[in-house]
Amino acid sequence: MRALLATTGVVLIGYLSLWPVDVDPVAWQAPKNQNYSGAFTENDQLSQIQRIELKGDIGPEDLAKDAKGNVYFSLLNGDIKFIDSSGNIHSWVNTGGRPLGIEFDQRGNLLVADAFKGLLSISATGNVTTLVDQIDGKIINYADDVDIASNGIIYFSDASSKFPAKQYGTYEASLLDINEHGGHGRIIEYNPISKTTTVIAHGINFANGVAVSHDEQFVLFNETGSYRVMRVGLYGDNRGKVDVVIDNLPGFPDNIARTNNGLYWLGLVSPRNSILDALSNSPKLREVIERLPAFLRPQAEHFGHLVAINDRGDVVFNLQDPRGIYGQTTGALSVADKLYVSSLHETALGIIDNINTQKHFNY
């Protein structure tokens with residue numbers, strides 16, 4: 001028996017130490033987690049959220065409003081549907097991929113960052129056109145979010161050039177990229193007139209949400225794997241320069257959406273993981289994590305958290321749902337007197353009274 005146990009132990013140690021994995025973790029130093037304190041003081045203000053069940057659909061990941069006030073949302077099965085002002089849900093199109101970020105352009109076309117297919121444009125009649133699926137001869141592996149400037153220039157993120165969403169799945173690929181921390185994300189600019197595509201920022205640890213700034217001099221983007229919101233300059237001497245808007249967030253930032261009152265809604269999809277933080281400077285031990293059964297690896301927690309920031313990076317709203325009534329929040333969209341909320345894995349849309357957020361004003 002002792003010999004068997006010894007042999008089993010040797011095999012297990014060998015497996016945990018040597019078995020090939022897809023990640024090649026890079027050492028970095030995670031900032032000290034301040035948890036839910038200061039501007040992120042714990043509360044349950046998001047727990048008042050209402051759920052609009054989607055009858056079997058999963059993962060309304062992003063939201064966009066058309067000229068009629070309908071709110072469109074992208075789903076795990078490739079569908080894009082919309083909810084009208086009366087609360088009725090309508091089917092529209094299926095991209096055949098995994099649509100993530102969505103945004104309407106000035107002509108009423110819906111721009112889609114499809115994780116499997118790249119940057120798409122869908123006409124009002126539902127005709128799907130691929131705008132960008134490769135750059136410099138390399139396939140876009142993980143188109144994630146999209147926004148458009150008033151001059152028609154489109155900006156979108158390629159979350160990970162190493163871990164294809166179609167091969168691994170969007171969620172699984174994100175876990176791999178965040179664990180590796182190899183800087184495989186990038187922000188891409190597309191000019192629909194000249195049809196030219198340019199990488200304007202790279203080396204990003206999971207490039208996620210994208211929003212053109214209010215003055216349109218920058219593009220804000222979420223660096224999910226480093227718990228921060230960054231921005232890249234678009235013009236003149238600032239072109240391509242990257243700096244920090246807000247860092248050391250208490251969770252993983254997903255989408256970011258510009259509002260018409262000088263703010264940006266930011267969804268934190270999950271609290272930070274203490275194991276990943278503790279092992280940030282220990283790449284070999286992060287390899288060991290990948291050799292564990294999937295259920296033992298760090299996963300997103302079912303926690304709801306929305307934050308609104310201004311252009312200086314000040315936290316203006318901090319809405320939390322520790323009970324997970326609506327969890328794994330990816331972002332929010334303000335429409336009339338309501339705030340629509342999206343999620344990574346929920347089977348519903350979330351809606352809260354936008355007016356009520358005024359009493360949670362927080363500088």
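Which residue in S5 is the bridge partner of Lys81? In this predicted model, that partner is Ser91.

Let me put that pair in context. Strand S4 covers residues 79–83 and strand S5 covers residues 89–94. The two strands run antiparallel and are joined by five bridges. As a general point, strands of a sheet pair through backbone hydrogen bonds, in either a parallel or an antiparallel way. S4 and S5 form a hairpin with five residues between the strands. In that hairpin, Gly87 has a positive phi near 90°.

Next, a sheet. Four strands make an open sheet in the order S12-S13-S14-S15, and the pairing is antiparallel. Its edge strands are S12, residues 143–148, and S15, residues 196–204, each of which pairs on one side only. From one strand to the next, the twist averages 20°. Within this sheet, take S14, residues 185–191, which pairs with S15 over seven bridges, again antiparallel. Ile188 stands opposite Val199 in S15.

Which of the elements gives the most? That is H3, with eight residues. By residue class, the lining of the second largest pocket divides into 24 nonpolar, ten polar and ten charged residues.

That is what I have for today.

Notes. Residues numbered from 1 in each chain as written. Predicted model: local features only at pLDDT ≥ 70, side-chain atom pairs only at ≥ 80, totals over all residues. Heavy atoms only, no water. Pairing = 2+ DSSP bridges. Axes fitted to C-alpha atoms, helices over the stretch in contact; angles between N-to-C directions. Nonpolar A, V, L, I, M, F, W, Y, C, P; charged D, E, K, R; others polar.
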